[in-house]
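Please keep the sequence and the model at hand while reading.

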Amino acid sequence: MTNFPNDFIWGSATSSYQIEGAHDKDGKGPSIWDKFCKTPGNVLNNDNGNIAIDHYHRFKEDIALLKKQGFTAYRFSISWARILPNGKGQVNEKGIEFYNKLIDELLANDIQPWVTLYHWDLPQALYESKEDWLNPVISDHFEEYATICFDRFGDRVKHWITLNEPWVAAILGYGQGVFAPGHISNSEPYLAAHHMLIAHAKAVNIYKSYFKSQHGTIGITNNCDWREPIDQQPKNIEAAERALLFFLGWFADPIWLGDYPQVMKDRLGDRLPVFTKSEKVLLKDSSDFFGLNHYTTMYAAEQDEDAEEVSAYGNGGLSEDQDVQLSQDPKWPLTDFNWAVVPWGCTKMLQWIADRYDNPNIIITENGCAYHDEVQNGEVHDERRVEFYKSYIEACDDAIQNGVSLKGYFAWSMFDNFEWASGYSQRFGINYIDYDTLERIPKDSAKWFTKIIKKHQEKAITI
Ligand code: PNW
């Protein structure tokens with residue numbers, strides 16, 4: 001905790017479909033996740049977000065908990081289909097009202113809202129009319145939706161995130177088919193991602209052109225796990241670098257450096273769309289901060305032609321395009337989601353971003369872990385989660401010590417919630433949810449955060 005600046009942002013995060021419930025209340029239209037969950041087998045135990053943790057009705061209680069636990073920032077996302085049930089056209093005033101109440105309640109409790117516009121719940125209507133991420137027209141619809149949000153909420157919201165993890169939406173949604181809308185393809189992810197980047201840039205352009213007087217900041221959040229070369233052979237060092245470029249460079253290079261990484265152009269040929277000159281201009285420097293979601297680390301090696309295709313874990317992207325073989329070190333402890341706990345990978349990830357993108361202001365917008373918790377006498381002693389957070393926050397401290405401009409950290413997640421294809425089987429929360437009663441039970445990790453935040457605030461006052 002020695003190197004965190006006094007104005008460091010300590011927050012926790014959620015997303016609309018994972019917590020809100022009220023899936024068809026007050027005029028909300030269905031999203032691609034409402035639809036995806038209806039097909040048996042798509043989600044473990046055929047769970048869905050119909051009720052989730054019923055945050056829609058319990059948001060006041062939830063904000064009281066944020067306040068009590070000391071958080072001064074809260075990241076949540078807006079459900080596009082709650083604001084525009086058809087994805088475009090008629091605005092649903094009841095949806096606006098919900099987010100107005102949420103934002104006002106946060107501000108009344110001195111908690112800064114960090115608002116994500118798109119956390120994967122695309123209005124189903126756009127999908128059905130084939131105006132989803134595969135169609136270039138989607139960037140106009142996103143711009144329209146974003147404009148409504150800036151216009152209606154921007155007087156009070158000063159921190160915007162356009163897209164959450166376009167890598168996941170593209171690869172898991174349009175490549176591997178494990179997330180909505182469930183497509184399997186080796187070209188659609190590159191097209192969908194291209195349109196996501198353009199949509200992001202257009203929304204930022206509107207914000208900078210017409211909402212300057214709101215004096216807010218806007219950026220994008222990408223996810224990336226660290227790729228450590230399995231040994232020091234040049235071909236494996238190169239493989240690890242290539243994996244990072246296919247993971248994060250894919251989205252960050254167009255924004256910070258002006259175009260897709262050369263290695264992606266070389267390997268993908270015409271499966272990788274090309275930006276026009278004006279799109280490049282719009283994209284360049286279109287993020288006020290570098291939003292990063294980081295969870296784990298894997299070893300990378302050049303794909304051995306003879307080796308059997310091993311995918312310990314589905315986050316390699318379209319690995320055949322990269323020729324990278326991923327693996328875990330058996331010595332690394334695993335979370336119950338099988339993601340390895342490797343804090344030094346976080347330090348290296350932050351350093352890599354600082355080096356490649358000229359030391360931008362980074363905000364970790366998600367970091368966390370899933371463990372199978374148990375309630376004992378009304379308490380949840382999640383020691384492993386406390387250890388996880390301790391070690392990753394120390395890793396952040398190390399990065400700052402080395403000169404990385406890390407400005408904020410959001411824990412994923414404030415609550416146990418609907419963990420996408422894993423349904424309710426995985427618990428990422430620092431607050432436990434009893435899914436029978438929907439009672440919120442603070443875990444030891446939440447109490448640990450309260451102490452850390454307090455300590456930090458005291459330090460800031462005495463200096
Ligand atoms: C993120 N991967 O998802 C999301 O932003 C959250 O909504 C989610 O609950 C959290 O992390 C935990 O999963 C990811 O395969 C999903 O690399 C998959 C991957 C990464 C992040």
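Which side chain meets K88 in a salt bridge? The partner of K88 is E131, with 2.9 Å from N to O; a salt bridge here is a side-chain nitrogen of Lys or Arg within 4 Å of a carboxyl oxygen of Asp or Glu. The two residues are 43 residues apart, K88 in the loop between helix 4 (80-83) and helix 5 (93-108) and E131 in the loop between helix 6 (124-128) and helix 7 (138-153), where helices (H or I, at least four residues) and strands (E, at least two) are DSSP runs numbered from the N terminus.

The model is predicted, so local features need pLDDT of at least 70 and side-chain atom pairs count only at pLDDT 80 or more, while totals for chains, interfaces and linings use all residues. Residues are numbered from 1 along each chain as its sequence is written, and side-chain values use heavy atoms, with hydrogens and water left out.

Across the whole structure, 28 salt bridges are found, and the table shows three of them.

| Salt bridge | N to O distance |
|---|---|
| K88 and E131 | 2.9 Å |
| R356 and D253 | 2.7 Å |
| R385 and D373 | 3.1 Å |

Because R356 lies in helix 13 (residues 343-356) and D253 in helix 10 (residues 234-257), their pair ties together parts that are 103 residues apart in sequence. D253 is buried at 3% relative accessible area, whereas R356, at 29%, is partly exposed; buried means under 20%, exposed over 50%, and partly exposed in between (1.4 Å probe, protein chains only).

R385 is buried at 0%, and D373 is buried at 12%.
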